[in-house]
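Please read it beside the sequence and coordinates.

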Amino acid sequence: MCDIRLFRSARMDYRTAEMVWRAQMNDEMILNNAAYHLQQAVEKILKGALECVGVTVPYSHKISKLIAMVSNNGANLTITEWLDDHAEMLSEWETETRYNMDFLVEKRKLDRAMTEVRRFMEVNGIQDSLREDLKDPEVKKKLLQCLPENKRECTEFELNCYYIMFKKKL
């Protein structure tokens with residue numbers, strides 16, 4: 001069974017991307033750093049969802065491959081149209097932004113990606129505030145019953161992640 005560390009790490013990668021993106025330094029390569037962390041956030045969410053359905057996660061950074069695996073294995077994740085359409089671009093950002101010194105992410109593409117990845121995270125409840133489904137006291141109660149006693153005192157973010165793990169049992 002999975003745990004929520006990949007989702008927590010994905011949230012931190014998104015926050016790192018956001019901080020770098022907002023920095024607005026006079027260095028175009030700074031955008032590459034934001035793009036890399038954005039790609040990592042998506043990759044970790046997809047891999048986390050796969051682990052939650054018992055799939056052995058491959059050593060791959062290819063977003064399109066991970067999306068197909070999520071879809072084919074019934075993982076509790078909604079793939080947004082933008083993410084599906086831009087999977088190859090995100091995959092390219094994983095290596096090109098780190099190893100190709102001539103590669104520069106276009107600001108307009110990064111701006112859009114920041115918005116769309118945030119939306120992907122929100123749609124899937126990877127957020128600090130309690131997701132809509134868990135605002136129903138009965139659903140929340142059932143979810144808490146799925147957790148070991150020592151995990152029931154948790155943040156709303158953690159509950160959102162546990163929901164991804166246990167939705168099929170609810």
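The notes below start with confidence and then turn to side chains.

This is a predicted model, in which local features need pLDDT of at least 70, side-chain atom pairs count only at pLDDT 80 or more, and totals for chains, interfaces and linings use all residues. Residues are numbered from 1 along each chain as its sequence is written, and side-chain values use heavy atoms, with hydrogens and water left out.

The chain has a mean pLDDT (the predictor's confidence in each residue, from 0 to 100) of 92, and 98% of its residues reach 70 or more.

Salt bridges (a side-chain nitrogen of Lys or Arg within 4 Å of a carboxyl oxygen of Asp or Glu) come to a count of 16. The table gives examples.

| Pair | N to O distance |
|---|---|
| Lys44 and Asp13 | 2.5 Å |
| Arg22 and Glu18 | 3.2 Å |
| Glu132 and Lys135 | 3.0 Å |

Lys44 lies in helix H2 (residues 29–52) and Asp13 in helix H1 (residues 5–23), so their pair links parts 31 residues apart in sequence. Helices are DSSP runs (H or I, at least four residues), numbered from the N terminus. Both Lys44 and Asp13 are buried, where buried means under 20% relative accessible area, exposed over 50%, and partly exposed in between (1.4 Å probe, protein chains only). Arg22 and Glu18 are four residues apart in helix H1, about one helical turn. Arg22 is exposed at 52%, whereas Glu18 is buried at 19%. Glu132 is exposed at 58%, and Lys135 is partly exposed at 49%.

Leu104 sits in the loop between helix H5 (87–99) and helix H6 (107–123) and is partly exposed, with 37% relative accessibility.

Notes:
Helices (H or I, at least four residues) and strands (E, at least two) are DSSP runs, numbered from the N terminus.
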